[in-house]
Amino acid sequence: YVFQFETGLESYTGRRPYFDFRDDFLEFIPNHKPAFEFYSDNLDVKNLEFSVYKLPSAEEFLSSYQKSRKWSLGWGYYYRRYTSSLYQPKPETKIISFNPAPIKVGYEQFIEVPQILENGYYLIDVKFKDALYGEKHRQAWLQITPLANYFSITNSQGLLWVNDFEKKTAVEGIEAFYIEGADKINLGKTDEEGLIRFAAPEKLKSQSSNNIIEPQFFQAEHNQ
């Protein structure tokens, strides 16, 4: 057994600055400005600098997320809440930086990217100062695509459906994979109804939510 525990500060030092995206992964259809929900505390969000980076491929999109934190420490409250992202995007891939004008809707707050983004993969990065730990980064992964999907999985089988939001039609020939760490398992291709029915991967059958360490993905590839 390995015994791990997390400690806090010896004494209360006041409210620490905090920012986080509601979701790590964001998907938007083309020809619209993306807008995302966020949480913050003890920060003047409108003075923060947000940067958008264009990632070159689906592989970089996934690997950058896998490199963004120490997944074995994900159980820790303070690690999840206050850690800075470990992934550093290449400066030359930055396409825009901006100071936001937060939008409040009821109790929820949103930030809109100030321009329309073309189809592809993106990283949104925000940096802010923490008096105890210096500069910190929070990040979210963004995809612009006309394809919408739905999946459901049980202990024995799964279902994936892919539809083109703009054309309002099912998409045939999408190849799907289950990815965990270095493992990439082919699940098949969508039929004329946009459906794939597949046997649940063995690695998923033997896991519970309490022993998942590495992030898991379903990836759909479309070559047209």
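**Charged pairs, aromatic pairs and a buried helix face**

Lys136 is buried in this predicted model, with a relative accessible area of 3%. Its side chain meets that of Asp130 in a salt bridge, with N and O 3.9 Å apart. Asp130 is likewise buried, at a relative accessible area of 4%.

Side chains of opposite charge can pair when their charged atoms come close. In one of them, Lys127 pairs with Glu49, and the closest N and O atoms are 3.9 Å apart. Because Lys127 belongs to strand S8 and Glu49 to strand S4, this bridge ties together parts of the chain that are 78 residues apart in sequence. Lys127 is partly exposed, with a relative accessible area of 32%, and Glu49 is partly exposed with a value of 32%. The side chains of Lys46 and Asp44 also form a salt bridge, at 3.0 Å from N to O. Here Lys46 is partly exposed at 48%, and Asp44 is partly exposed at 36%.

Attention now turns to the aromatic side chains. A pair of aromatic rings is described by the distance of the centres and the angle of the planes. The count comes to 17 aromatic pairs. In the pair of Phe19 and Phe38, the ring centres lie 5.4 Å apart and the planes meet at 15°, so the rings are stacked. This pair links distant parts of the chain, with Phe19 in strand S1 and Phe38 in strand S3, 19 residues apart. Phe19 is buried, with 0% relative accessibility, and Phe38 is buried at 2%. Phe19 also pairs with Phe50: the centres are 5.6 Å apart and the planes stand at 75°, so this pair is edge-to-face. Since Phe19 is in strand S1 and Phe50 in strand S4, the contact joins parts 31 residues apart in sequence. Both Phe19 and Phe50 are buried.

Ring pairs also link Phe25, Phe61, Tyr65, Trp71, Tyr121, Trp141 and Phe217 into a cluster. Among the buried residues of helix H1 (residues 58-66) are Phe61 and Tyr65, along with Ala58 and Leu62. The buried residues of H1 pack against several strands, including S2 (25-28), S8 (120-130), S9 (134-144) and S16 (216-221).

Finally, charge and ring meet at two lysines. The charged end of Lys168 sits over the ring of Phe165, 3.9 Å from its centre, while Lys184 lies over the face of Phe177, at 4.6 Å from the ring centre.

Definitions and conventions
Residues are numbered from 1 along each chain as its sequence is written. This is a predicted model: local features need pLDDT of at least 70, side-chain atom pairs count only at pLDDT 80 or more; totals for chains, interfaces and linings use all residues. Side-chain values use heavy atoms; hydrogens and water are left out. Buried means under 20% relative accessible area, exposed over 50%, partly exposed in between (1.4 Å probe, protein chains only). Helices (H or I, at least four residues) and strands (E, at least two) are DSSP runs, numbered from the N terminus. Contact means heavy atoms within 4.5 Å. Rings of Phe, Tyr and Trp (its six-membered ring) pair if their centres lie within 6.5 Å; planes under 30 degrees apart count as stacked, over 60 as edge-to-face and the rest as tilted. A charge sits over a ring if NZ of Lys or CZ of Arg is within 6 Å of the ring centre and within 35 degrees of the ring normal. A salt bridge is a side-chain nitrogen of Lys or Arg within 4 Å of a carboxyl oxygen of Asp or Glu.
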